[in-house]
Amino acid sequence: PSETVDNGPLAGRRVVITAGPTREPIDPVRYISNHSSGKMGYAIAEAARAAGATVTLVSGPVSLAAPSGVEVVPVQTAEDMLRASSAEVDKGADIFIATAAVADYRPSATADQKMKKSSETLSLELVRNPDTLATIAARSDAPFTVGFAAETNDVAAYATDKMKRKKLAMIVANDVSAPGIGFNSDQNAVTVFWSGGQRAIGPAPKSEVARELVALIAERMPAQP
Ligand code: CTP
Ligand code: CA
């Protein structure tokens, strides 16, 4: 647990962070999801709080405790995540950080009752989910918006392309093909890109990567009016 700095670099700022996986229901007992632990998002929430910010975590289902002094808004699906994040940004936000591993697709229909097996094969129709990060970044009152990009190859090219396409202030690229890094690990190594610059952070514990990332965001964001 870190101490909160009332005159820290993010004092007076409101930060909204998405974290964890989403769950897309197939029927009352089954869902599509992924292995995101939420650790990176929770570590960033703790670091932003320690830097003096007011922090809200819009979080998919994870087995992590809320960092002290951080408000957690629990969500399940990608659609919930968009709705909850938009409502939080409506209240006014200076910084939006999307660390969540959002399911890109959801089943086109959810069965009301538990599905029974019958045929030898089963196809599920999936439909695209809304993109929370791109939606927030496209607002006329968009906060300083930071995305994550987990890639296995051509990391810099894919990440900078995502930054431009989604109109982000900054993107944090993660090479998830590196062993012991990323998803369920306590360690991370990232390269942060912005228009006209980049910085490598780690390999280091996620708490340290989070602190350095928060310091970089504070450095790069527009000054308080
Ligand atoms: N993201 C989001 N909502 C989605 C999909 C992604 O908010 N429906 C956010 C993630 O939280 C992350 C960033 O967008 O900050 C990039 O996610 P990623 O899965 O790497 O990119 P996609 O745009 O989904 O592209 P693809 O999976 O095809 O690489
Ligand atoms: Ca995706």
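What share of the 225 residues of the chain counts as buried? I looked this up first in the predicted model, and the figure is 40%.

**Overall fold.** I noted five helices and 12 strands in the chain. The radius of gyration is 18 Å, close to the 17 Å from the globule rule for 225 residues, so the chain is as compact as a globular protein of that length. I then took the box along the principal axes, and the C-alpha atoms fill roughly 60 × 35 × 35 Å. For contacts with a separation of 6 or more, I found that 63% join residues 24 or more positions apart.

**Helix H5.** I checked the length of H5, residues 206-220. Its 15 residues should span 21 Å at 1.5 Å a residue, and the end C-alpha atoms are 21 Å apart, which agrees. I listed the buried residues of H5 as Lys206, Val209, Ala210, Arg211, Leu213, Val214 and Ile217. An α-helix has 3.6 residues a turn, so residues three or four places apart point the same way. I next looked for what covers the buried residues of H5, and the cover includes helix H1 (39-50) and the strands E6 (95-98), E9 (144-151), E10 (170-175), E11 (187-194) and E12 (197-205).

**Ligand 1.** I found 15 residues around ligand 1, of which Ala98, Val102, Thr132, Leu133 and Gly147 come nearest. Helix H3 (132-137) and E9 are the elements that give two or more residues to this shell. The largest share, four residues, comes from E9, a strand that I had already noted in the cover of H5. By class, I recorded eight nonpolar, four polar and three charged residues in the shell around ligand 1.

Methods
Residues numbered from 1 in each chain as written. Chains lettered and ligands numbered in written order. Predicted model: local features only at pLDDT ≥ 70, side-chain atom pairs only at ≥ 80, totals over all residues. Expected span 1.5 Å × (residues − 1). Buried ≥ 20, exposed ≤ 12 C-beta atoms within 10 Å, placed from the backbone. Contact = placed C-beta atoms within 7 Å. Rg over C-alpha atoms; globule rule 2.2 N^0.38 Å. Near = placed C-beta within 6 Å. Nonpolar A, V, L, I, M, F, W, Y, C, P; charged D, E, K, R; others polar.
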